[in-house]
Amino acid sequence: MGAGGGAIASPQLLMVSGIGPAWHLREVGVDVVHDAPRVGADLQDHPELYLEYEFRTPTYSTAMRWPNLLKAGLEFLSARRGRATSPASHLLGYLRSSPVEPSPDLPVFSGPWGYLDDTVAFARDVVRRLAPGFDIDDDAALEGFVRDTAGICYHASGTCRMGDDAAAVVDPELRVRGVDRLRVADTSIMPVIPSGNLHAPTVMIGERAAALIREGVERT
């Protein structure tokens with residue numbers, strides 16, 4: 001059988017089934033089927049940070065009022081057009097956060113609610129930067145701003161880590177170690193979170209799991 005509940009639900013499913021850290025299972029009254037100490041551990045996510053600007057021209061921020069939301073909804077339902085047809089991010093790119101990084105590790109995106117620089121081509125529409133409200137060349141102040149305001153990107157992963165070491169929850173064929181006929185196939189098996197969004201890698205994990213299961217059925 002297989003499990004694919006995501007980085008939050010998959011470790012929970014394993015643990016209520018008795019597969020997880022034995023000390024914790026006993027603590028909550030669950031019979032231990034297999035002691036797997038790293039189930040639920042190694043959670044990773046992408047940090048997310050916004051710079052906010054005031055604009056002279058309307059942005060999606062002004063759309064987040066009930067009359068405008070209603071209008072956008074009606075436009076979409078009646079003609080499949082308008083603001084409700086727009087994705088959250090219109091531009092997406094990948095940068096290196098440091099010259100020593102071997103590959104891009106920093107996704108930068110822009111949408112119709114704000115922009116990342118005071119001197120881009122649409123600077124004439126910028127009234128002022130709202131946040132951070134200080135000189136962005138001040139590294140110490142920037143560090144404090146990041147620590148105080150950064151949030152998660154809802155890209156949870158890593159809680160049923162795949163690997164070839166004994167501590168890994170699943171092996172390279174997605175099989176749960178110590179348990180027969182059980183695989184996990186979702187973002188929880190990622191040993192290291194990818195630098196970009198998780199949808200495409202998750203589809204690949206699912207396709208690989210299906211291929212492995214088919215291969216196993218054909219061998220039997």
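At 30% relative accessibility, Glu 173 counts as partly exposed. This residue forms a salt bridge with Arg 175, with the closest N and O atoms 3.4 Å apart. The model is predicted. The protein has 6 helices and 10 strands. Of its 220 residues, 28% count as buried.

**Salt bridges**

- The count of salt bridges comes to 6.
- Asp 171, Glu 173 and Arg 175 are linked in a salt-bridge network.
- Arg 175 is partly exposed, at a relative accessible area of 39%.
- Asp 42 and Arg 38 meet through their side chains in a salt bridge, at 2.7 Å from N to O.
- Asp 42 is partly exposed, with a relative accessible area of 28%.
- Arg 38 is also partly exposed, with a relative accessible area of 32%.
- Asp 165 pairs with Arg 161 in a salt bridge, and the closest N and O atoms lie 2.9 Å apart.
- Asp 165 is partly exposed, with a relative accessible area of 28%.
- Arg 161 counts as buried because its relative accessible area is 18%, under the 20% cut-off.

**Nonpolar core**

- The largest nonpolar core holds 21 residues, and Leu 14, Ile 19 and Val 176 touch the most other members.
- Helix H1 (6-16) and helix H6 (199-219) are the elements that give two or more residues to this core.
- H6 supplies the largest share of this core, 3 residues.
- In soluble globular proteins, nonpolar side chains tend to be buried together.

**Helix H1 and its end**

- The buried residues of H1 are Gly 6, Ala 7, Ser 10, Pro 11, Leu 14 and Met 15.

**His 155**

- His 155 sits in the loop between strand S9 (151-152) and strand S10 (183-184).
- His 155 is buried because its relative accessible area is 13%, under the 20% cut-off.
- Not counting residues up to four places away in sequence, His 155 touches Gln 44, Asp 45, His 46, Ile 193, Asn 197 and Leu 198.

**Whole chain**

- Among contacts between residues at least 6 apart in sequence, 55% join residues at least 24 apart.
- The accessible surface comes to about 14200 Å², and carbon and sulfur atoms account for 57% of this surface.

Definitions and conventions. Residues are numbered from 1 along each chain as its sequence is written. This is a predicted model: local features need pLDDT of at least 70, side-chain atom pairs count only at pLDDT 80 or more; totals for chains, interfaces and linings use all residues. Side-chain values use heavy atoms; hydrogens and water are left out. Helices (H or I, at least four residues) and strands (E, at least two) are DSSP runs, numbered from the N terminus. Buried means under 20% relative accessible area, exposed over 50%, partly exposed in between (1.4 Å probe, protein chains only). Contact means heavy atoms within 4.5 Å. Accessible areas come from the Shrake-Rupley method with a 1.4 Å probe; for residues, only the protein chains shown count as cover. A nonpolar core is a set of buried Ala, Val, Leu, Ile, Met, Phe, Trp, Tyr and Cys residues joined through side-chain atoms within 4.5 Å. A salt bridge is a side-chain nitrogen of Lys or Arg within 4 Å of a carboxyl oxygen of Asp or Glu.
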